[in-house]
Amino acid sequence: MALCAPTGRAAKRLAESTGLSAKTIHRLLEADPRRGGFKRGERNPLECQLLVVDEVSMVDVPLMAALLKGLAPGVGLILVGDVDQLPSVGPGRILADIIDSGVMPVARLTEVFRQAAQSRIVINAHRINRGQMPELDNAVNDTDFYFVEAADSDEAVHKILEIVCHRIPQRFGLDPVRDVQVLCPMNRGNLGTRMLNLELQTALNGDESQPAVARFGWSYRVGDKVMQTANDYDKDVFNGDIGFIRTVDPEAQEVVIDFDDRLVTYDFGELDEVSPAYAATIHKAQGSEYPAVVIPLATQHYLMLRRNLVYTGITRARQLVVLVGQRRALSIAVKDSRAQTRWSKLEQWLRHS
């Protein structure tokens, strides 16, 4: 049996959940960085009898095509994913089309069991999926879901900094850098990843005595939390992987980043492959999971306020969700079930195959 997922973090979660080895799809198919493509395919299929693929909502058409070509005839295939999350960044709507075709057996997990029912994260995720406003009573004791009102973006930024840097560490004992992730609907604006990364970097790692390097519009120093933004097969790090800067060497012109206890060296000129990760977009967080998630929601995000975006963001949290912003923005998102239309023939082809 082989297990895989689209991203390194999703594969790591899959391995932790099952106690079995799991790889990214690219690693499983033995991606060839020199020639492009994959070493595994129709002529050299995977050596397994059953393949389990997690987080399939993230898989696009080219990657799924390559994966299926790597399966020998007779190999079993189990696809696991949440069709209510954001679709893949690349083309297609693979998981939705397979489900909608009715050709393959589908099991939907809809029951909230007693242990999960104690979590307002789970309850509110289901409510949002049904188009209902989440329960926002902060007075409930021992809750894991909070809404913090902020009238405008300046107030929201101030409250996010207070929540991340002080409130969550004091109340829940979580590390503000390693355990708390700010997830934004957009990159731009006062409540976008760009501005919030600058604010959080200053607040959480602003010691100017530390060695630092400025490249590609960012300043990087020891201790910074960063995210890989492109697949790098030579370094064996992939889009969405999060690491921490261990050393900055101005003489050697190198930065060493720790990705899950694996040290990877970058030349200063290669730092365009990473960006600060104190704040990230919800799209970038797909397939990842964090102890605590803080999500800014404001009407300035209007173009991105969709139900599946908020649903994807809050389901990234294991222990704690804090929404910061305007109730009207949350209401707009919950009521708007429109997903960007993707034209695909896969559903029809499957039905008539």
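The model is a predicted one, in which local features need pLDDT of at least 70, side-chain atom pairs count only at pLDDT 80 or more, and totals for chains, interfaces and linings use all residues. Residues are numbered from 1 along each chain as its sequence is written, and side-chain values use heavy atoms, with hydrogens and water left out. Helices (H or I, at least four residues) and strands (E, at least two) are DSSP runs, numbered from the N terminus. Contact means heavy atoms within 4.5 Å.

Helix α8 spans residues 193–205, and its buried residues are Thr193, Leu196, Asn197, Leu200, Gln201 and Asn205. These residues lie on the same side of α8 because they cover an arc of only 135 degrees around the axis, the arc being that of the directions from the helix axis to the C-beta atoms.

A nonpolar core is a set of buried Ala, Val, Leu, Ile, Met, Phe, Trp, Tyr and Cys residues joined through side-chain atoms within 4.5 Å. The largest such core has 31 residues, and Leu183, Ile295, Leu297, Ile314, Leu323 and Leu330 have the most contacts inside it. At least two residues of this core come from each of α6 (120–129), β5 (145–149), β15, α9 (307–314), β16 (317–325) and α10 (327–335). Helix α10 supplies the largest share, 5 residues. Leaving aside residues up to four places away in sequence, Leu330 touches Met133, Pro134, Leu136, Phe147, Leu297, Val310 and Leu323. Another core, of 26 residues, lies apart from the largest one and includes Ile163, Val180, Phe244 and Ala292.

Strand β7 (residues 212–215) runs antiparallel to β8 and is joined to it by 4 bridges; two strands pair if DSSP finds at least two bridges between them. Within this pairing, Ala214 stands opposite Ser219 in β8. The hairpin of β7 and β8 has 2 residues between the strands, and Phe216 takes a positive phi near 55 degrees there.

A search of the whole structure finds 0 disulfides, a disulfide being a pair of cysteine sulfur atoms within 2.5 Å. Cys165 is in no disulfide, the nearest cysteine sulfur being that of Cys184, 14 Å away. For Cys184, the closest cysteine sulfur is in Cys165, and the 14 Å between them is too far for a bond. Cys165 is buried, with a relative accessible area of 16%, and Cys184 also counts as buried, at 0% relative accessibility.

Key:
Buried means under 20% relative accessible area, exposed over 50%, partly exposed in between (1.4 Å probe, protein chains only).
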